[in-house]
Amino acid sequence: QKKWAKKINKKEKRLALKSAIASTANPELVKARNHIFEGELPKIVVNDIESIKKTKEVIDVFKAIGVYVDVERAKKTKRVRAGKGKMRGRRYVMKKSVLLVVGSDGGIIKAAKNLPGVDAVLVKDLNVELLAPGCKAGRLTVWSKSAIDYLRGWL
């Protein structure tokens with residue numbers, strides 16, 4: 001049996017994560033990934049967002065902060081995958097949209113994951129693959145205040 005996991009040095013992994021986090025605040029890098037947004041980056045929202053339980057409320061919040069247009073962009077890109085992956089349970093592919101990072105889950109993660117292209121994650125589970133999918137940094141990210149506070153203590 002072959003081992004597919006590859007060890008990465010801790011300092012190197014930490015540096016990659018810090019770099020990916022920093023790139024979410026750079027408008028040029030975010031626009032280079034073809035994300036559409038209004039206003040300035042980084043997008044930081046109050047902690048009340050963590051208690052949202054309905055997808056419709058998440059849509060309202062995204063419209064208010066000016067990132068819902070990007071969710072619609074991702075929805076338009078849903079297509080059937082080329083090749084044999086169709087037969088193996090990976091029929092559809094679509095572009096990545098907004099990443100929602102929260103400090104604690106009060107139902108927001110389940111509500112946000114219903115939207116096409118949107119990923120929602122707890123800040124303690126954050127990784128480089130979520131922040132820079134396809135090894136291209138600058139994903140459009142919405143941070144909760146508690147997630148920023150967690151990062152301040154961690155970094």
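Asp-119 forms a salt bridge with Lys-96, and their closest N and O atoms are 3.2 Å apart. Asp-119 lies in strand β5 while Lys-96 sits in the loop between β3 (92-93) and β4, so the pair ties together parts that are 23 residues apart in sequence. Keep in mind as you read that this is a predicted model.

How do the two partners compare with the burial cut-off? Buried means under 20% relative accessible area. Asp-119 has 17% relative accessibility, so this residue counts as buried. Lys-96, at 37%, counts as partly exposed.

In total, the count comes to 6 salt bridges. Two others are found in helix α7 (residues 145-154), and Asp-149 takes part in both. Lys-145 and Asp-149 are 4 residues apart, which puts about one helical turn between them. Arg-152 and Asp-149 are 3 residues apart, again about one turn of the helix. As for accessibility, Lys-145 is partly exposed at 38%, Asp-149 is partly exposed at 39%, and Arg-152 is exposed at 59%. Elsewhere, salt bridges with shared partners join Lys-96, Asp-119 and Arg-139 into one network.

| Pair | N to O distance |
|---|---|
| Asp-119 and Lys-96 | 3.2 Å |
| Lys-145 and Asp-149 | 3.6 Å |
| Arg-152 and Asp-149 | 3.3 Å |

Let's turn to strand β4 (residues 99-102). Leu-99 and Val-101 point one way from this strand, Leu-100 and Val-102 point the other way, and all of them are buried. Strand β4 pairs in the parallel sense with β5 (residues 119-122) over 4 bridges, and also in the parallel sense with β6 (residues 141-144) over 3 bridges. Val-101 stands opposite Val-121 in β5 and opposite Trp-143 in β6.

Next comes helix α3 (residues 55-65). Which of its residues are buried? Val-58, Ile-59 and Phe-62 are buried in this helix. Seen down the axis of α3, these buried residues fall within an arc of 105°, so they line one face of the helix. The face turned away from that buried side carries the exposed residues Lys-56, Lys-63 and Ala-64. What covers the buried residues of α3 includes α4 (68-76), α5 (108-112) and β6; β6 is also a parallel partner of β4. After α3 comes Gly-66, which has a positive phi near 85°.

Notes:
Residues numbered from 1 in each chain as written. Predicted model: local features only at pLDDT ≥ 70, side-chain atom pairs only at ≥ 80, totals over all residues. Heavy atoms only, no water. Buried < 20%, exposed > 50% of the residue type's maximum accessible area, 1.4 Å probe, protein only. Pairing = 2+ DSSP bridges. Arc of directions from axis to C-beta. Contact = heavy atoms within 4.5 Å. Salt bridge = Lys/Arg side-chain N within 4 Å of Asp/Glu carboxyl O.
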